[in-house]
Amino acid sequence: MAPTAATCCKNALLKPSSTLIPAIRSSHAAVFRKRPGQLIVNRIKDVCHFYFIGIGFLPVLFCLAYNHIVYGPCELKDLPTEGPAPHHWQFERTPIRQWWAKWFGVSDVEHHERNLAYYEKQGILARWRQIEQRVKHLEGERWDYKGWSYQPVSSTWVDYGRWHALRIRDQYEQHGHYAQ
């Protein structure tokens, strides 16, 4: 194309047409006002309501009410003189508490034993700390330092080490462990 034809086409294509109508709405107030989104907040409220109320609080409440109405509180009786001794969970007041103590609780004896083991371990650790503090104090007082003692080596371990070193040296392949 000639330079004049190219500029003519280019100017004609780039100029806005005067026949286009601008997009202006001449009506009443805005129908949809802009506001912050509430999708996430509503979703969180729905999920919390479902999990806490739907499958959490209300079913447990209904189960407890039914149990209280049908079974009522448990009655304490004297210890049986014959037969097996009662379990620790049979001393609870309600059936729900008995079920919880049976499957999730610990007996008083087991709780006492756990405490005894815990305090025994704490006593041993306290004694070790006391000995370590005494050693550090004496090291500082006598200008001493930690010294490691020599442990004698058994001759069988020396022989085994020599045998193993020779085996590795004479081995045909580095990665294989074949019997000779």
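Two residues are said to be in contact when heavy atoms of theirs lie within 4.5 Å. With that in mind, the predicted model can be read from its overall contacts down to individual side chains. Among the contacts in the chain with a separation of 6 or more, 14% involve residues 24 or more positions apart. Of the 180 residues in the chain, 6% are buried. The chain exposes about 18200 Å², and carbon and sulfur atoms supply 62% of that area.

The chain holds five helices and zero strands, and reading along the sequence gives the pattern α-α-α-α-α.

After α4 comes tryptophan 143, which has a positive phi, near 55°.

A further stretch is picked out by a database record. In an unreviewed entry, UniProt lists residues 50–71 as "transmembrane region". In the model, residues 50–71 are 95% helix and 0% strand, with end C-alpha atoms 29 Å apart.

Aromatic side chains come next. Rings count as a pair if their centres lie within 6.5 Å, and by this rule there are seven aromatic pairs. One of them joins phenylalanine 50 and tyrosine 51: the ring centres are 5.1 Å apart and the planes meet at 75°. Planes over 60 degrees apart count as edge-to-face, so this pair is edge-to-face. Phenylalanine 50 has a relative accessible area of 45% and is therefore partly exposed. Tyrosine 51, at 48%, is partly exposed as well. Elsewhere, ring pairs link Trp99, Trp100 and Phe104 into a cluster.

Finally, the cysteines deserve a look. A disulfide is a covalent bond between the sulfur atoms of two cysteines. Counting one requires a pair of cysteine sulfur atoms within 2.5 Å, and by this rule the count is zero. Cysteine 48 has a relative accessibility of 34% and counts as partly exposed. Cysteine 63, with a relative accessibility of 43%, also counts as partly exposed.

Note on methods
Residues are numbered from 1 along each chain as its sequence is written. This is a predicted model: local features need pLDDT of at least 70, side-chain atom pairs count only at pLDDT 80 or more; totals for chains, interfaces and linings use all residues. Side-chain values use heavy atoms; hydrogens and water are left out. Helices (H or I, at least four residues) and strands (E, at least two) are DSSP runs, numbered from the N terminus. Buried means under 20% relative accessible area, exposed over 50%, partly exposed in between (1.4 Å probe, protein chains only). Accessible areas come from the Shrake-Rupley method with a 1.4 Å probe; for residues, only the protein chains shown count as cover. UniProt positions are given in the numbering used here, feature names are shortened, and annotations may be inferred rather than shown by experiment. Rings of Phe, Tyr and Trp (its six-membered ring) pair if their centres lie within 6.5 Å; planes under 30 degrees apart count as stacked, over 60 as edge-to-face and the rest as tilted.
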